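Me: Please examine the following model with me, beginning with the place where its chains meet.

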Amino acid sequence: MSPAALVRESCGRGLQVIAVCDHNSAENVKAAKAAAENTGLAVLGGIEICTREEVHVLGIFEDDHAIGSVQDVVYENLNGENDPETFGEQLVMNERGEVVGRNKRLLIGATSLSITEVVRIIHDRGGIAIASHVDRPSFSVISQLGFIPADLGLDGAEVCSDALPDLPKELAVIRSSDAHRPEEIGKRHTRFLLEKPMVAEIKMALHRIDGRRILA
Amino acid sequence: MNLNDVVQNLGLEVKAGSDALDTEVNGGYVSDLMSDVIAHGREGDLWVTLQTHQNTIAVASLKGLAGIIIVNGRQPEADTLTKAGVENVVLLASELPAFELVGRLYKLGLSGMRT
């Protein structure tokens with residue numbers, strides 16, 4: 001998916017904020033942000049980290065240094081080399097959609113970081129930590145760990161279908177597309193009441209602080 | 001057969017629950033997905049897994065499992081050990097990979113089937 005297609009589809013579907021969250025990598029965030037300049041679309045930098053329990057956790061950040069730092073920790077704890085024939089090419093693009101690099105790491109793999117460590121690493125760098133696709137039968141905190149550990153400190157849980165999974169009442173639920181292809185963008189979305197489309201504001205909404213909230 | 005028999009025969013390391021090793025073992029179950037163990041684990045099963053997260057203890061307690069064996073030389077996390085102590089769940093560890101460990105458990109007479 002090129003940055004231009006990502007931005008075009010997102011705007012076309014009326015989205016105002018998106019988070020770009022590749023698996024164990026954030027190398028395409030910069031291009032997506034650049035492609036969205038002057039379009040009115042806010043692009044947040046994110047990463048979907050695969051924990052040692054094989055749970056997917058989204059980390060979303062305002063600050064580019066923070067996401068770079070998280071990516072460094074992920075790379076330090078990720079083994080293996082990608083086989084493009086089996087898993088496909090892992091392209092890094094610029095904002096014009098030109099291929100500027102190929103990521104050789106086995107991004108499909110799991111890190112050696114526990115889910116507890118991953119949430120802490122995200123929070124230490126000012127990010128929000130959201131359990132990915134908790135309604136899915138694989139790579140979700142529910143499938144891998146049976147239920148959400150009470151003291152984990154997640155900021156929210158992502159649901160990608162119309163399902164209503166059994167989740168702790170206090171945990172914010174967001175609906176999103178988990179889009180892997182342009183045609184999937186915006187299939188589901190969440191409406192937030194925010195002052196600005198910023199990570200800190202979303203965090204407040206997830207925790208229902210100062211009037212920020214998720215709208216029904 | 002009780003847990004102590006299994007520990008002695010397979011040279012397992014007792015990580016937690018050493019005062020409950022007289023617990024009877026009725027059979028075995030292998031899975032790394034806790035949602036699957038919640039669905040299919042049976043009371044008295046010895047659970048073989050590579051997961052080391054503290055939720056294993058809650059699942060074992062919920063299902064009345066005889067105990068947990070962590071395979072491949074993996075080490076339980078600190079809060080897993082604490083929780084095992086609180087919940088009095090027997091937590092064992094082996095250097096063996098899961099396939100080998102399960103083969104040896106089967107040879108001892110444990111089965112994954114219940115008649």
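Me: How many residues of chain B are in contact with chain A?
Reply: This is a predicted model, in which local features need pLDDT of at least 70 and side-chain atom pairs count only at pLDDT 80 or more, while totals for chains, interfaces and linings use all residues. Residues are numbered from 1 along each chain as its sequence is written, and chains are lettered from A and ligands numbered from 1 in the order in which they are written. Two residues are in contact if their C-beta atoms, placed from the backbone, lie within 7 Å. On that criterion, chain A contributes 10 residues, and the number from chain B is 10.

Me: Which element gives the largest share of the side of chain B that touches chain A?
Reply: Helices (H or I, at least four residues) and strands (E, at least two) are DSSP runs, numbered from the N terminus. Two elements of chain B each give two or more residues to this side: helix 2 (34-40) and helix 3 (55-63). The largest share, three residues, comes from helix 2 of chain B.

Me: In what order do the elements of chain B run?
Reply: Chain B has five helices and five strands. Read from the N terminus on, their order is α-β-β-α-β-α-β-α-β-α.

Me: What percentage of the residues of chain B count as buried?
Reply: A residue is buried if 20 or more other C-beta atoms, placed from the backbone, lie within 10 Å of its own. Applied to the 115 residues of chain B, this gives 41%.

Conventions. A residue is buried if 20 or more other C-beta atoms lie within 10 Å of its own, exposed if 12 or fewer, and partly exposed in between; C-beta atoms are placed from the backbone.
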